[in-house]
Amino acid sequence: MKEKTSPAAYVHRGAGAPSRWNRFLWWLATAEEELIRDCMIDRNRYAIIGMSVMGTWLFATFAWTYFFSTVTSNLPIACFLGFFMGCIILSIDRALIKGITRSNKRKFIPLVFRGLLAVTIGVFMAQPALLYLFDKEIHVQTSLDNEHRKKEKRMRQDSLYQASRADLLRSKNELEQQLSTKYGEVSQARQTFIAETDGTGGSKRPGLKDVAKAKQDEYQKLGIEYQQMEGQLRPRLRMVDSSLHAIDLTVQKEQQAFEALLNDGFITRIEALNHLVKDNPAVAFRYYLLVALLMLIELMPVIAKTLLPTGSYDEKVRLREELEKETIQKDHDRELSVRQIYGEGALEQDSRFIKDFFATASRNQYENMRQYLSTWVDDGRSLDQVWYDVKKNMFTKQHN
């Protein structure tokens with residue numbers, strides 16, 4: 001007669017020893033190896049969940065590494081920080097899927113909370129990935145944005161020094177106007193003098209006559225006045241020019257210092273990406289499409305754990321948890337019983353000891369009382385004094 005094989009035997013034979021890779025995927029999926037080892041169907045299910053967790057872990061590590069590479073030029077530090085943040089995201093993902101059990105898989109509020117948390121993480125992690133994907137376009141936009149910032153900075157500086165510059169220019173124009181007016185008078189007197197001497201103007205008599213002599217004196221007088229005025233106004237003009245040059249030099253230094261601060265860091269690239277999305281509908285469509293795709297990467301573990309059906313592993317987990325709870329409760333009850341029995345035995349033994357103690361002490365108390373009374377007659381104390389000594393030395397204090 002052919003021997004029948006039970007279904008449990010088939011499961012045990014088909015399970016086999018799991019590989020290190022499978023054990024690693026089960027660990028990522030927060031599955032207990034001891035319980036899932038013999039669950040053939042759930043072994044693959046939790047391996048799929050583990051692969052989704054690994055995908056989000058690698059994606060987070062690469063995204064954060066690229067993010068830190070925009071902050072520091074030291075590649076090993078950026079890789080270390082990226083791996084560190086990836087491990088944090090891995091811990092959060094494992095906590096999220098560990099909280100999804102057979103009992104709360106269909107509960108709305110826990111799933112919404114986990115979904116919102118995963119979406120928040122996914123949106124933030126999508127930013128470095130998008131910066132990497134649109135790297136060339138962002139560099140062009142960053143250059144344009146920096147040029148725009150330079151112009152805005154120069155305009156603000158010009159506005160800041162506009163009043164001072166206007167006052168200096170007004171003073172300079174006034175001084176130059178005075179010199180120009182005086183120089184015009186000198187030039188006019190010179191032309192008049194020359195015209196008088198060559199006979200082309202004035203009295204029409206060539207040569208240095210009385211009229212020409214008077215005009216020569218007037219010309220020389222105006223020339224001396226012009227030289228005196230120029231000696232007074234030129235230092236003031238040089239002072240005004242020096243002040244204007246100092247303002248220009250200050251503006252130039254501030255502009256250079258501002259331009260030295262311009263960079264292509266993370267925030268600058270994010271702003272450039274926002275400008276690209278705002279000004280280019282084609283980029284905007286692909287931007288939101290990529291954001292949705294990258295968010296799905298972070299949501300994969302939660303989606304996989306929620307959508308995959310429950311199987312024998314979940315039932316094992318439930319039964320094992322109930323068994324452990326029952327075992328803990330029984331151990332607790334047994335410990336209480338042992339302590340109670342110990343306490344009752346200790347109480348009984350201590351009661352007997354106390355009774356024997358007082359029985360022995362009673363005989364000694366009567367003997368001491370007789371000694372007190374025998375000495376009372378000889379020492380001359382009153383009965384009250386003897387009673388006080390007896391009570392003080394021989395009575396038992398109940399609070400001990």
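## Largest pocket

Helix α12 (residues 312-379) contributes the most to the lining of the largest pocket, with 7 residues. Helices here are DSSP runs of H or I with at least four residues, strands are runs of E with at least two, and both are numbered from the N terminus. The model is predicted, so local features need pLDDT of at least 70 and side-chain atom pairs count only at pLDDT 80 or more, while totals for chains, interfaces and linings use all residues. Residues are numbered from 1 along each chain as its sequence is written, and side-chain values use heavy atoms, with hydrogens and water left out.

The volume of this largest pocket is about 410 Å³. It is lined by 18 residues, of which Thr101, Asp314, Val317, Arg318 and Glu321 are the closest to its centre. A pocket is an open set of points on a 1 Å grid over the protein atoms alone, where a 1.4 Å probe fits, with protein on both sides within 12 Å along at least five of seven lines; lining residues have an atom within 4 Å of a point. Grid points are joined across faces, edges and corners, and the volume is the space filled by probe spheres set on the points.

## Overall architecture

The protein chain holds 13 helices and 0 strands. Of its 400 residues, 29% are buried (under 20% relative accessible area; exposed means over 50%, and partly exposed lies in between, with a 1.4 Å probe and protein chains only).

In the protein chain, 72% of the contacts with a separation of 6 or more join residues 24 or more positions apart; a contact means heavy atoms within 4.5 Å. The chain exposes about 27500 Å², and carbon and sulfur atoms supply 59% of that area, as computed by the Shrake-Rupley method with a 1.4 Å probe.

## Thr30

Thr30 is located in the loop between α2 (20-28) and α3 (33-36). Its relative accessibility is 10%, so Thr30 counts as buried. Apart from neighbours within four places in sequence, Thr30 is in contact with Arg94, Ile97, Lys98 and Tyr313.

The backbone of Thr30 has a positive phi of about 60°, although the residue is not a glycine. Most residues other than glycine have a negative phi.

## Leu307

Leu307 belongs to helix α11 (residues 281-307). With a relative accessible area of 65%, Leu307 is exposed.
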